[in-house]
Amino acid sequence: MAARSGKALVSLGRLNGCGLGLHTSLSRATYATALTTTTTGNKVFPERGNRGGFARKPRRPPGDPRTEKMAVDQDWSAVYPAAAAFRPGSVPLPVRMGYPVNRGVPPEKRGNLELIKIPNFLHLTPAAIKKHCKALKPFCTEWPTALDSNAKCDEFFPIKVKTTDYVSASNSIRNPAARIVNLQVKLSSLNLDDHAQKKILKLVGDRYCKDTDTLTLTTDSCPLRKQNYDYAMYLLTVVYHESWKTEAWEADITRADMDEYIWEDSPSQKNILDTLVRMKAAAEGEEEAMEEEVLGRPEVQEYKDSVSRLKNEGENESSLLQYREAVKKVLQL
Amino acid sequence: MAAPLSAAKALPLLAYARISILCTTSGNRALHLTPGCCKNQAARIRVGKGDRPLTYEQAYHPHDIAHYKGWLSQHTSNLQGEEGAAERTVEDVFIRRFIFGTFHGCQANELVIKRRGNMLIVCALMLQKLPPQKFYFLIGYSESLLSHFYKCPVKLEIQTLQDKAVYKYL
């Protein structure tokens with residue numbers, strides 16, 4: 001059995017040798033070295049351990065590194081077409097890296113693991129980048145000429161949607177953080193009247209930034225990005241339409257819940273009217289309650305403005321000054 | 001009836017007898033303790049006679065990483081907020097052992113493993129112990145096997161040397 005199999009293999013070897021036509025005298029020997037385990041009976045072929053014998057092909061001396069044969073004006077992007085580790089035989093620079101031994105120099109580039117460890121940018125020379133840009137150019141389209149400023153972009157595309165894609169050094173492309181959708185819109189670009197403006201602020205709460213007038217909606221409750229995007233658009237639509245509606249119970253608002261201070265029907269109005277009517281009565285002796293006439297006076301209007309400003313804006317120098325002037329005028333001091 | 005009773009009575013007697021025998025033998029068998037020697041021995045080759053060649057990697061100890069040495073394995077999983085660091089480490093350990101065994105006796109230095117997006121790039125320095133055809137076969141074999149194993153493209157970048165690059169002798 002062994003002899004038969006050996007013969008079959010030997011015949012294969014012979015055929016192959018004839019086919020190559022190169023070193024036919026040696027081809028038998030090269031195959032024989034692999035065969036001697038099976039063809040123990042055949043003594044024609046030499047033994048396996050005979051390294052110095054004629055049977056073994058003499059070991060080729062290692063050739064010169066590529067750096068010796070490089071022209072000065074070669075195409076470097078052919079040497080490093082893509083990102084690759086540092087190859088000392090391909091980089092014709094006398095680079096040294098590492099801490100020098102005592103009274104020595106840093107180790108040379110041949111066999112230097114430190115040079116292999118670090119990332120290199122040998123594949124990104126300016127010439128190579130020019131080639132990349134040239135190759136990408138046909139796929140690029142012009143920026144629309146109508147959108148030549150940021151303001152115009154905001155005007156035509158007021159809603160800005162932000163999504164993030166994640167790449168990591170693993171064999172999985174899934175990242176749960178990629179489903180988060182961030183939608184930003186300026187309220188000035190939405191069509192809102194006074195009531196709608198106040199109502200939308202109440203509906204939205206924390207998501208509105210007063211300094212930048214931006215409403216931010218962040219959705220991450222759905223597992224897919226598309227679902228989160230649809231949900232964000234839905235939320236924006238609903239909030240907008242709800243803010244335009246006036247419910248029946250909105251009329252039941254009490255003074256304490258109102259955002260702004262309204263002077264009409266306030267204790268301040270009652271007090272000033274009382275005071276002025278009594279002053280008038282004391283001066284002229286008439287007790288007619290001519291409230292509209294009193295209200296119509298410019299000093300009273302000024303007083304109203306100053307009090308409203310104080311209550312709404314808070315106490316600062318200018319508002320207090322204005323209040324002082326108004327009070328002086330009203331009380332004719 | 002009678003037999004089990006006697007057996008039950010006999011057992012405790014025997015037990016007591018055994019204990020008493022133990023206590024009465026000569027020699028105290030206590031636990032011996034020596035103070036611990038808290039030496040670091042990770043990846044350290046100690047100073048010897050001066051005939052042992054060391055590569056740069058072996059000459060510097062782990063506390064010199066980021067001072068004199070770089071990192072053998074680079075991936076983004078160790079950054080803030082990234083996941084999968086443990087899986088990448090296990091992969092690294094396996095790949096090192098795999099290559100050590102596949103190219104047995106040919107490895108000149110430690111492997112450098114880089115990850116570029118999805119790809120695993122293994123950079124190795126080998127000695128010229130095998131004929132090139134065998135090297136090519138082993139490279140192809142490792143690449144295809146590891147690619148199928150890790151479900152990502154694995155590339156081997158092998159450089160060969162005549163002999164190891166010696167840094168110093170210890």
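Helices (H or I, at least four residues) and strands (E, at least two) are DSSP runs, numbered from the N terminus. This is a predicted model, in which local features need pLDDT of at least 70 and side-chain atom pairs count only at pLDDT 80 or more, whereas totals for chains, interfaces and linings use all residues. Residues are numbered from 1 along each chain as its sequence is written, chains are lettered from A in the order in which they are written, and side-chain values use heavy atoms, without hydrogens or water.

**Confidence**
- The predictor assigns the complex an ipTM of 0.78 and a pTM of 0.66.

**Nonpolar cores**
- A nonpolar core is a set of buried (under 20% relative accessible area, 1.4 Å probe, protein chains only) Ala, Val, Leu, Ile, Met, Phe, Trp, Tyr and Cys residues joined through side-chain atoms within 4.5 Å.
- The largest has 19 residues, and Ile95(B), Phe103(B) and Met126(B) are among those with the most contacts inside it.
- H3 (85–102), E4 (119–127), H4 (132–150) and E5 (154–161) of chain B each supply at least two residues of this core, and H4(B) gives the most, with five.

**Positive phi in chain B**
- Ala66(B), in the loop between helix H2 (56–59) and strand E2 (73–74), has a positive phi near 75°.
- Lys151(B), in the loop between H4 and E5, has a positive phi near 55°.

Definitions and conventions. Buried means under 20% relative accessible area, exposed over 50%, partly exposed in between (1.4 Å probe, protein chains only).
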